[in-house]
Amino acid sequence: KAMADMDRKVDVIERSTVFQGYYRVDAYRLRHSLHQGGMGAEIRREVLERGHAVLVVPYDPVRDEVGLIEQFRIGPFARGDQPWCLEVVAGGIEEGEELEDVVRREAMEEASIELDNITHALDCFTSPGAVSEHISIYCARTDAATAGGVHGLAEEGEDIKVVVMPFADVMAALDDGRINAAPAIVALQWLALHREQIRRQWLD
C-alpha cells in the first residue's frame with residue numbers, strides 16, 4: 001500500500017533470510033526518510049515473518065456472554081510467567097483463503113462453535129517494531145449455550161479449552177490483567193466500545 005506521505009521512502013539495500021524454522025526471520029539493511037527531511041543512515045533490522053491471521057470474538061447478544069479460549073503459550077512460558085492464556089479464537093490465513101472462511105474454520109477447530117453475523121472490527125499489527133504479522137479482527141454472533149469443552153487439532157499439538165464468560169466478567173478480567181494477550185485485549189476492547197450497537201443490530 002502507498003504511504004500516506006508520498007515524499008517518504010524506504011531504500012532496501014539488502015534483504016536476506018537468516019533463520020527458517022517454525023517461523024522465518026529476515027534481515028534488512030535499509031535507509032528511510034527522516035521526519036526533518038532527507039534520508040537517514042543505513043540501519044539493520046530483523047523481522048519475524050510468521051504470516052497473517054484473523055481473530056474473532058464469539059459473542060452471544062441474548063445471554064450477553066463471550067466465548068474465550070484458554071491454551072498454553074510459549075511466549076509467557078519463556079519469560080517465566082504463567083503460560084496458559086485467555087484469548088479469543090484465532091488462526092493463520094493460507095494463500096488465497098477468504099478471511100470469513102478462516103474465521104468460521106478456526107471457530108469450529110478451536111471451539112466447536114458456529115458463527116453468524118460475522119462483522120469486521122479492525123485491522124492491526126501485533127508488534128510492528130519486530131513482526132510483520134497483520135491481524136484482521138472480527139466479532140460474530142454465537143449461541144454461548146452450546147459452547148464448551150476441550151478442542152483443537154491433535155496433530156498440531158493443540159489443547160484448547162473453551163471458557164464462556166459474562167461480558168461483565170470479561171471486562172473485569174481485562175481490568176485485573178487475567179487477559180494479557182495483546183490481540184485479545186484489542187478485540188475485547190472493540191467489543192466494549194461497540195457492544196450496545198452490536199446488540200441493537202443483532203437483536204432486531
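The legends below describe close-up views of one predicted protein model.

Residues are numbered from 1 along each chain as its sequence is written, and the side-chain values rest on heavy atoms, with hydrogens and water left out. Because the model is predicted, local features need pLDDT of at least 70 and side-chain atom pairs count only at pLDDT 80 or more, while totals for chains, interfaces and linings use all residues.

**Figure 1. The protein chain as a whole.**
The secondary structure of the protein chain comes to four helices and 11 strands, where helices (H or I, at least four residues) and strands (E, at least two) are DSSP runs numbered from the N terminus. Along the principal axes, the C-alpha atoms fill a box of roughly 55 × 40 × 35 Å. Of the 204 residues in the protein chain, 34% are buried, a class that means under 20% relative accessible area, with exposed set at over 50% and partly exposed in between (1.4 Å probe, protein chains only).

**Figure 2. The largest pocket and its lining.**
The largest pocket holds about 1800 Å³ of space, and of the 48 residues that line this pocket, Tyr23, Arg50, Arg73, Ala90 and Glu133 are the closest to its centre. A pocket is an open set of points on a 1 Å grid over the protein atoms alone, where a 1.4 Å probe fits and protein lies on both sides within 12 Å along at least five of seven lines; lining residues have an atom within 4 Å of a point. Grid points are joined across faces, edges and corners, and a volume is the space filled by probe spheres set on the points. Among the elements that give two or more residues to the lining of the largest pocket are β4 (53-60), β5 (65-72), α1 (74-79) and α4 (182-203), but α2 gives the most, with four residues. The lining of the largest pocket divides into 21 nonpolar, 12 polar and 15 charged residues, where Ala, Val, Leu, Ile, Met, Phe, Trp, Tyr, Cys and Pro count as nonpolar, Asp, Glu, Lys and Arg as charged, and the others, Gly among them, as polar.

**Figure 3. A salt bridge between arginine 50 and glutamate 133.**
Arginine 50 forms a salt bridge with glutamate 133, the closest N and O atoms being 3.3 Å apart; the term stands for a side-chain nitrogen of Lys or Arg within 4 Å of a carboxyl oxygen of Asp or Glu. The pair links distant parts of the chain, 83 residues apart, with arginine 50 in the loop between β3 and β4 and glutamate 133 in the loop between β8 (116-125) and β9 (134-141). Arginine 50 counts as partly exposed because its relative accessibility is 36%, whereas glutamate 133, with a relative accessible area of 7%, is buried.

**Figure 4. The second largest pocket.**
About 650 Å³ of space lies in the second largest pocket, which is lined by 15 residues, with Val47, Phe125, Pro128, Val131 and Ser132 nearest its centre. The elements that give two or more residues to this lining are β2 (24-32) and β3 (43-49), and β3 gives the most, with five residues. By class, the lining of the second largest pocket has eight nonpolar, three polar and four charged residues.

**Figure 5. Aspartate 26 and its partner, arginine 24.**
Aspartate 26 has its place in strand β2 and counts as buried, since its relative accessibility is 1%. Arginine 24 forms a salt bridge with aspartate 26, with 2.8 Å between the closest N and O atoms, and arginine 24 is partly exposed, with a relative accessible area of 27%. The C-alpha atoms of aspartate 26 and methionine 39, which are 13 residues apart along the chain, are separated by 23 Å.

**Figure 6. Further salt bridges.**
Side chains of opposite charge can pair when their charged atoms come close. The count of salt bridges comes to 15, and Glu97, Arg105, Glu106 and Glu109 are linked in a network of them. The side chains of glutamate 196 and arginine 195 also meet in a salt bridge (3.2 Å, N to O); glutamate 196 is partly exposed at a relative accessible area of 45%, while arginine 195, at 16% relative accessibility, counts as buried.

**Figure 7. A nonpolar surface patch.**
Phe72, Ile74, Phe77 and Trp84 make a nonpolar surface patch of about 440 Å². Such a patch is made of residues with over 30% relative accessible area and no salt bridge, nonpolar side chains (Val, Leu, Ile, Met, Phe, Trp, Tyr) being joined within 5 Å, and accessible areas come from the Shrake-Rupley method with a 1.4 Å probe, for residues with only the protein chains shown as cover. Phenylalanine 72 lies in strand β5 and, at 38% relative accessibility, counts as partly exposed.

Key
Patches are made of residues with over 30% relative accessible area and no salt bridge: like charges are joined within 9 Å, nonpolar side chains (Val, Leu, Ile, Met, Phe, Trp, Tyr) within 5 Å.
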